[in-house]
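This briefing is meant to be read with the sequence and the coordinates side by side.

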Amino acid sequence: SLQRTVVNPIYPRVVKTLRETTQTSDERYLRNARMLALKTQDFFGMRKEYIRPNGWSEGVTKLSMLEHSANPVIQLKVLVGTAHAIFESHNKAAMELSENDEIVFLSADDFFPIFLFVMVNSTQKHPHLNKQLMWGLCSKLELQGEGGYYLTVYEAAIMYITDFKSEEENRLIAIDATEDTQLFSEDADAKRNRDRNNTEYFGVDSDENESQCEVHSVATNISEASSPEGHGIYESEGLKATNASLEKILEES
């Protein structure tokens with residue numbers, strides 16, 4: 001198959017290359033995940049009826065197997081299996097509590113907080129690497145349906161955890177923002193006074209010149225992005241570096 005003949009021979013080199021580009025993001029994820037793992041289930045926005053005494057252990061155990069999988073195809077199956085484990089655990093608990101044997105379905109809005117909790121309590125160390133490998137090396141067929149859906153959920157959870165800021169961080173950011181606003185206001189007042197003096201002395205409207213520079217800058221960026229040389233200019237630097245590294249590996253192979 002394509003997996004055995006093309007992907008498997010270069011897979012260790014692909015992993016090494018991607019690990020270099022995702023290392024910083026994975027370190028931040030891991031730092032935040034360890035902090036969030038100390039939080040209670042309701043912290044993640046779970047409704048009371050979805051809080052489990054066993055901490056959704058079935059899902060946590062399943063997801064912790066992801067990085068022990070041999071390749072991205074199996075990783076994707078583990079990811080889907082994690083979702084199934086969460087639903088099965090929910091259905092079992094719902095049946096035990098139900099008086100008329102009716103299953104209360106778990107909505108997407110209720111699933112995501114549970115999945116976040118499962119994520120931070122699993123033993124994953126390289127989620128950014130995992131999701132890039134799955135998106136990049138799984139076939140389109142495998143990424144259709146459940147595979148693609150739960151990989152999207154997985155990526156959303158990764159970004160939420162990586163970008164999470166504690167109350168203390170938010171407080172410091174708010175203080176910095178207030179100070180920046182004050183400094184900006186003071187600088188703006190000083191600039192207006194200088195512009196007023198320049199207009200009176202030279203007869204030049206500096207705001208007009210500044211506006212023209214901004215238009216020129218935007219026009220230059222659009223022109224570069226539209227040209228063959230500048231195609232993809234708005235892609236992230238990390239993504240471009242990854243693509244370049246993968247192309248080099250494939251050429252050498």
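**Briefing on the predicted model**

Thr 24 counts as exposed, because its relative accessibility is 61%, where exposed means over 50% relative accessible area, buried under 20% and partly exposed in between (1.4 Å probe, protein chains only). The model is a predicted one, in which local features need pLDDT of at least 70 and side-chain atom pairs count only at pLDDT 80 or more, whereas totals for chains, interfaces and linings use all residues. Residues are numbered from 1 along each chain as its sequence is written, and side-chain values use heavy atoms, with hydrogens and water left out.

**Overall make-up**

- The protein has nine helices and zero strands, these being DSSP runs numbered from the N terminus (helices H or I, at least four residues; strands E, at least two).
- Of the 253 residues of the protein, 35% count as buried.
- Among contacts between residues at least 6 apart in sequence, 73% join residues at least 24 apart, a contact being heavy atoms within 4.5 Å.

**Single positions**

- Trp 56 is found in the loop between α1 and α2, and it is buried, with a relative accessible area of 0%.
- The phi of Trp 56 is near 50°, a positive value in a residue other than glycine. Most residues other than glycine have a negative phi.
- Thr 82 is found in helix α3 and counts as buried, because its relative accessibility is 0%. Leaving aside neighbours within four places in sequence, Thr 82 is in contact with Gly 59, Lys 62, Leu 63, Phe 115 and Val 118.
- Ala 157 is found in helix α6 and also counts as buried, at 0% relative accessibility. Not counting residues up to four places away in sequence, Ala 157 touches Phe 112, Phe 115, Leu 116 and Met 119.
- The C-alpha atoms of Ala 157 and Val 120 are separated by 9.4 Å, with the two residues 37 apart along the chain.

**Packing of α5 against α6**

- Helix α5 (residues 127-137) and helix α6 (residues 146-163) pack at an angle of about 155°, with their axes 10 Å apart. That angle makes α5 roughly antiparallel to α6. Angles under 35 degrees count as roughly parallel, over 145 as roughly antiparallel, 65 to 115 as roughly perpendicular and the rest as oblique.
- The axes are lines fitted to C-alpha atoms, for helices over the stretch in contact, and the angles run from 0 to 180 degrees between N-to-C directions.
- On the α5 side the contact is made by Pro 127, His 128, Asn 130, Lys 131, Met 134 and Trp 135, while α6 contributes Gly 148, Leu 151, Thr 152, Tyr 154, Glu 155, Ile 158, Met 159 and Thr 162.
- The residues of this contact of α5 with α6 divide into seven nonpolar, five polar and two charged.

**Packing of α3 against α5**

- The helices α3 and α5 pack at an angle of about 110°, with their axes 9 Å apart, and they are therefore roughly perpendicular to each other.
- Pro 72, Gln 75, Leu 76 and Leu 79 in α3 meet Asn 130, Leu 133, Met 134 and Leu 137 in α5. By class, this contact of α3 with α5 has six nonpolar, two polar and no charged residues.

**Nonpolar cores**

- In the largest nonpolar core, of 36 residues, Leu 79, Phe 115, Met 119 and Tyr 154 touch the most other members. A nonpolar core is a set of buried Ala, Val, Leu, Ile, Met, Phe, Trp, Tyr and Cys residues joined through side-chain atoms within 4.5 Å.
- At least two residues of this core are supplied by each of α1 (2-36), α2 (57-63), α3 (72-97), α4 (108-121) and α6, and its largest share, eight residues, comes from α4.
- Apart from this core lies another, of seven residues, among them Tyr 11, Val 15, Leu 18 and Leu 129.
- Leaving aside neighbours within four places in sequence, Met 119 is in contact with Tyr 29, Leu 63, Gln 124, Tyr 154, Ala 157, Ile 158 and Ile 161.

Terms used:
Nonpolar A, V, L, I, M, F, W, Y, C, P; charged D, E, K, R; others polar.
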